[in-house]
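Here is a short report on a protein with its ligand. It starts at the ligand and then moves through the fold.

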Amino acid sequence: MTSIAPFMLTHAITADPAVEFAADVRAGLTRRGQKELPSKYLYDDVGSALFEVISVLPQYGLTRADERLLRRNAHEIVDQVPGPVAVAELGSGSGKKTRWLLKALCRRQHTSYFPIEISPTALAMCQRELGDIEAMSIVGFEREYLDGLLEVAARRRPGYHLLVLFLGSTIGNFDRPAAAEFLRGVRAILQPGDSLLLGTDLEKPVPQLLEAYDDELGVTAAFNLNLLARINRELGADFDLQQFQHLAVFNARARSVEMRLKSKQDQEVHIPGAGLAVRFHVGETIWTESSHKYGREEPLQIAKDAGFFCKAQWIDQEWPFAENLFVAE
Ligand code: AVJ
């Protein structure tokens, strides 16, 4: 057997993603009051590639902080996780930043790694990026997070714990109540003694946050506008991208940075694939994403509320960001 599998074994989804996309676009753009589009749709192939560029922008330190913490502390983190374990990663992306943890773990034990991703492209990248690690097998799940985690848990081998990775502050895309509910959902699938490594971006000065989400090169603007371009591509819509402007807004009450798309004029857009015509007033916005920022101590309470305890925390000094190790009680 060679160490690089020619194909990754993938469990594909059953529901039709195109139908769901159309339904979510319809629901979000016909809402009374604030129009919205779910942020998960930012990550088609174009959006994922643009996010990779964002993650190397000087103004956006989040991904580098996450990677630094995982690289510098991989052995320490793994030492805090009682084994043997199988690893499930929620939203693996390219898998690049997970390499250090997996390598540290594979020195201790043969490791099964289960990336859970709605993007088949990301799953394929993950295989390319991590397929060379010795003593590791990869099985990707093309699923929503909790559906994928349920399947991984159903395959748990006797005597094995699960280590769930939820990195990159993706949790920040949920508002605080939804994040708490999501983590309770994770906890319900786990057993006492299982672990969750959760990445949280920490609060920092507002001007710094706004620059991170509205960079001068316009990469984040392109990332945001791509959502409209995607609706044009996949649902045959006629959004004129010139007529929408990217905005990054700090929401002090929610302690989040919001991305919005502002209509530059009164206009009507047709979206045949969603059976829809939508009017926008000049200045009206579509809310496309929130990135919540956390206090240093906040993960302790977050853990407790969801049925975990926070066993350890690693914080990056250069760009305040925390990796929090939760253990299921
Ligand atoms: C990948 C969800 C962590 O919220 O900071 C980057 C996505 N949005 N720039 C974030 C994002 C705008 C990012 N996450």
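This is a predicted model: local features need pLDDT of at least 70, side-chain atom pairs count only at pLDDT 80 or more; totals for chains, interfaces and linings use all residues.

## Around the ligand

Helices (H or I, at least four residues) and strands (E, at least two) are DSSP runs, numbered from the N terminus.

Polar contacts are pairs of N or O atoms within 3.5 Å; within protein, one must be able to donate a hydrogen and the other to accept it, and residues adjacent in sequence count only if both atoms are side-chain atoms. A polar side-chain atom of Ser 291 sits 2.4 Å from a ligand oxygen. For Tyr 213 the distance to a ligand oxygen is 2.5 Å. For an N or O atom in the Tyr 60 side chain, it is 2.6 Å. The protein covers 95% of the 350 Å² of accessible area that the ligand has on its own. Areas come from the Shrake-Rupley method with a 1.4 Å probe; for residues, only the protein chains shown count as cover.

## Asn 224 in H9

Asn 224 lies in helix H9. Its relative accessible area is 0%, so Asn 224 is buried (under 20%; exposed is over 50%, partly exposed in between; 1.4 Å probe, protein chains only). A polar atom of its side chain lies 3.1 Å from the backbone oxygen of Arg 260. Beyond four places in sequence, Asn 224 contacts (heavy atoms within 4.5 Å) Leu 42, His 246, Met 259, Arg 260, Leu 261 and Thr 288.

## Backbone exceptions

Most residues other than glycine have a negative phi, and most peptide bonds are trans. Gly 83 and Pro 84 are joined by a cis bond, with omega about 0°. Ser 169 has a positive phi near 60°. Ser 169 is buried at 7% relative accessibility.

## Confidence

The average pLDDT (confidence in each residue, from 0 to 100) is 95, and 96% of the residues score at least 70. Residues 1-6 stay under 50.

Residues are numbered from 1 along each chain as its sequence is written. Local features need pLDDT of at least 70 and side-chain atom pairs 80 or more, while totals for chains, interfaces and linings use all residues, and side-chain values use heavy atoms, leaving out hydrogens and water.

How values were computed. pLDDT is the predictor's confidence in each residue, from 0 to 100.
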